[in-house]
Amino acid sequence: MFLNRTRQIIGLDIGSHAIKMVALRPTKGEMPFELVHFGVAELPEETIVDGAITNEEPVTQTISELLEQHKVKSPFVAASVSGNAVIVRRVTMPRQDADALREALPYEADEHIPFDIDDVDLDFAILGEDEDSDSMDVVLVAAKRERVDEHVAVIEAAKRTATIMDIDAFAVQNAFEFNYPERQFEDVAILNLGSSVINMAVLEGGNPSFWRDIAIGMQQYVVALQRQFMLDAFDAEEVLRRVSRNAAADDGSAQDHSLTEWSEDGEEGADLQDAATDPRVLEVIGQVSDRIIGEISKTFDFYQAQAMREHFDAVFLAGGGAHITDLAERLQNRMGWPVEIFDPLRRVHIPEGMFDPEYIRDSAPESTVALGLALRGVME
Ligand SMILES: Nc1ncnc2c1ncn2[C@@H]1O[C@H](COP(=O)(O)OP(=O)(O)OP(=O)(O)O)[C@@H](O)[C@H]1O
Ligand SMILES: [Mg+2]
């Protein structure tokens, strides 16, 4: 506790699309914390593939530049891993104390975790005990050591120390519990829609009960737009953003650009703006949304079958994908539950004059994991 109070810990989310950085400090004001640092830096393509850091150098450099640009002094970082290298299971086991469980952990994990136990870092948390049945609920976490080591390595190469290593889905859960205390009696799912993976966390009336990383991500949109319209990745990404921005602005001026051959000639910027209002583009985006929603709904089906639950009070969307046009609406139509956009800074004071409020508003959804990690540094 002493350490946490005196030294700042930076929440650093090393995503495959972008690195997000958040730091907080306690306040005496209306909000419990205020923002100290906030930044997002995109990574070069193909440096992180399916959660694995395939090219460390550009990742290290992007982290260093981001921290330098924001004059971040603290050497301490809370980071996280996700995707196919992480497995989290909630299990019921005979009641025992934490020391006994720690000792039995490799054997317990072997039963529930389909990884070679020798290759993983294991951890657990006791969620609750039931005296009547002499049992307890435990969450088991296994993360492939190789993946954890890669993350530690880039952080060290950027001259910082990883003091906390978390997983994305827990950071998302943490961000929810902090920001929406009045919703803790509801049954909610939070979906963090990243570039290569969707982290899902479920809370049943405040009781964390299910975590899953769904192996599909928002890069599906970029790939589809690239393929359909012969764009490079950068332009495809830009079109996706402009479509979302247009929808958010909702200026109602439905321009008809359907016949414009925007991808083949003319001025670059103007072309992309035309693309963003082209019905063919909207159609491709809609198709990808349906595919992604199909995967999400499979995971909901699985969860519902094992938890025997029919209903959610709300589904929250976080991550870069929360910006995507119509995705929330389509998901709501498909699942039948209210879908809301998650606000990770809902209970964070943003000091005036120190930040660009528009930039923060525009990058808020994708900073959810970084915020959840930063909270670990100030809350414990
Ligand atoms: N304004 C926007 N409009 C549309 N899409 C956006 C917008 N901002 C981000 N995205 C999409 O969100 C994705 C990035 O989201 P995010 O930063 O959450 O991913 P990540 O954390 O880097 O990836 P992962 O966690 O899967 O490794 C990109 O694929 C991008 O296309
Ligand atoms: Mg992410």
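**Helix packing and selected residues in a predicted model**

Helices α6 and α7 are roughly perpendicular to each other, because angles of 65 to 115 degrees fall in that class, while those under 35 count as roughly parallel, those over 145 as roughly antiparallel and the rest as oblique. The structure is a predicted model, in which local features need pLDDT of at least 70 and side-chain atom pairs count only at pLDDT 80 or more, whereas totals for chains, interfaces and linings use all residues. Residues are numbered from 1 along each chain as its sequence is written, with chains lettered from A and ligands numbered from 1 in the order in which they are written. Helices (H or I, at least four residues) and strands (E, at least two) are DSSP runs, numbered from the N terminus.

The angle at which α6 and α7 pack is about 110°, and their axes are 8 Å apart. Here axes are lines fitted to C-alpha atoms, for helices over the stretch in contact, and angles run from 0 to 180 degrees between N-to-C directions. The crossing of α6 with α7 is right-handed; a crossing has this hand if the near helix is turned clockwise from the far one by less than a right angle, and is left-handed if anticlockwise. On the α6 side the contact involves Y221, V222, L225 and Q226, which meet A233, A236, E237, V239 and L240 of α7. Two residues are in contact if their C-beta atoms, placed from the backbone, lie within 7 Å. Sorted by class, this contact has 7 nonpolar, 1 polar and 1 charged residues. In that scheme Ala, Val, Leu, Ile, Met, Phe, Trp, Tyr, Cys and Pro are nonpolar, Asp, Glu, Lys and Arg are charged, and the others, Gly among them, are polar.

Helix α6 itself spans residues 219–229, and its buried residues are Q219, Y221, V222 and L225. These lie on the same side of α6, because they cover an arc of only 155° around the axis. The arc is taken over the directions from the helix axis to the C-beta atoms. A residue is buried if 20 or more other C-beta atoms lie within 10 Å of its own, exposed if 12 or fewer, and partly exposed in between, with C-beta atoms placed from the backbone. The cover over the buried residues of α6 includes α7 (233–249) and α9 (279–307). F229 also belongs to α6, but this residue is partly exposed, with 18 other C-beta atoms within 10 Å. From F229 to D326 there are 97 residues in sequence and 21 Å in space, C-alpha to C-alpha. Just after the helix comes M230, with a positive phi of about 50°.

S289, D290, I293, I296, S297 and F300 of α9 make the contact with L327, R330, L331, R334 and M335 of α10. By class, 6 nonpolar, 2 polar and 3 charged residues take part.

Within α10, the buried residues are L327, A328 and L331. Seen down the axis, they fall within an arc of 95°, so they line one face of the helix. An α-helix has 3.6 residues a turn, so residues three or four places apart point the same way. The buried face of α10 packs against α9, β14 and β15 (339–341), while E329 and N333 are exposed on the other side. The residue that follows α10 is G336, whose phi is positive, near 85°.

Most residues other than glycine have a negative phi. K71, in the loop between α2 (56–69) and β6 (76–81), has a positive phi near 55°. This residue is exposed, with 7 other C-beta atoms within 10 Å. M308, found in the loop between α9 and β14 (314–318), likewise has a positive phi, near 55°. M308 is exposed, with 6 other C-beta atoms within 10 Å.

Finally, K144 sits in strand β9 (residues 135–144). K144 counts as buried because it has 21 C-beta neighbours inside 10 Å. With neighbours within four places in sequence left aside, K144 is in contact with A85, F115, D119 and V120. F342 is 198 residues from K144 in sequence and 29 Å away in space, C-alpha to C-alpha.
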